[in-house]
Amino acid sequence: MLKKFFIAALSISLLTLGGCGSSGPKYQNVRSFSEGLAPVQASGGKWGYINERQQFVIPPRFDDAKEFQSGKAAVKLNGKWGFINKRGEWL
């Protein structure tokens, strides 16, 4: 009887945890918001930029990314640094 109780309690616990909808952190790292965007490192390790609604504006494709200043941000791709605008276009 104790075994059945334990199995039932474990099942309820797993169902409750599974129903909470959380699959862990969305991002590995998040830097500060600047000019409405924040650089974030996605679970795959690449960096992109999200808006204040946590929606990607610039998809994660960079090896590293810094905050925006004066409409541009420094990003690293394939070992080289450069600047992008808020649409993710190279300057």
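A: **The open sheet and its side chains**

In this predicted model, four strands make up an open sheet, with antiparallel pairing and the order 1-2-3-4. Strand 1 (27–30) and strand 4 are the edge strands, each pairing on one side only. From one strand to the next, the twist averages 25°.

Strand 2 (residues 38–42) pairs with strand 3 in the antiparallel sense, over four bridges. Here Ala38 has Ile50 of strand 3 as its bridge partner. Strand 3 also runs antiparallel to strand 4, and three bridges join these two. The hairpin of strand 3 and strand 4 has five residues between the strands, and one of its residues, Gln54, takes a positive phi near 65°.

Next come the aromatic side chains. A pair of aromatic rings is described by the distance of the centres and the angle of the planes. The structure has three aromatic pairs. One of them is formed by Tyr27 and Phe56, an edge-to-face pair with 6.1 Å centre to centre and 85° between the planes. Tyr27 belongs to strand 1 and Phe56 to strand 4, so this pair ties together parts that are 29 residues apart in sequence. Tyr27 counts as buried because its relative accessibility is 16%, under the 20% limit. Phe56 has a relative accessible area of 37%, so Phe56 is partly exposed.

Another of the pairs joins Phe62 and Trp90; their ring centres are 6.0 Å apart and their planes lie at 80°, so this pair is edge-to-face. It links distant parts of the chain, since Phe62 is in strand 4 and Trp90 is in the segment after strand 7 (80–84), 28 residues apart. Phe62 is buried, with a relative accessible area of 0%, whereas Trp90 counts as partly exposed at 44% relative accessibility.

Phe62 is also part of the largest nonpolar core, which has 10 residues: Leu37, Trp47, Tyr49, Ile58, Phe62, Ala65, Phe68, Ala73, Val75 and Ile84. Strand 3 (47–50), strand 4 (56–62) and strand 6 (73–77) are the elements that give two or more residues to this core. Ala73 is a core member whose contacts, leaving aside neighbours within four places in sequence, are Tyr49, Lys66, Glu67, Phe68, Gly82, Phe83 and Ile84.

Charged side chains also lie over rings. Trp47, another residue of the core, has Arg31 over its face, at 4.2 Å from the ring centre. Likewise, the charged end of Lys72 sits over the ring of Phe83, 4.9 Å from the centre of that ring.

Finally, consider the loop between strand 2 and strand 3, where Gly45 has its place. Gly45 has a relative accessible area of 22%, so Gly45 is partly exposed. Not counting residues up to four places away in sequence, Gly45 touches Gln28 and Phe62. From C-alpha to C-alpha, Gly45 and Phe62 are 8.8 Å apart in space, and they are 17 residues apart in sequence.

How values were computed:
Residues numbered from 1 in each chain as written. Predicted model: local features only at pLDDT ≥ 70, side-chain atom pairs only at ≥ 80, totals over all residues. Heavy atoms only, no water. Core = buried A, V, L, I, M, F, W, Y, C linked by side-chain atoms within 4.5 Å. Buried < 20%, exposed > 50% of the residue type's maximum accessible area, 1.4 Å probe, protein only. Contact = heavy atoms within 4.5 Å. Pairing = 2+ DSSP bridges. Axes fitted to C-alpha atoms, helices over the stretch in contact; angles between N-to-C directions. Phe/Tyr/Trp six-rings, centres within 6.5 Å; stacked < 30°, edge-to-face > 60°. Lys NZ or Arg CZ within 6 Å of the ring centre and 35° of its normal.
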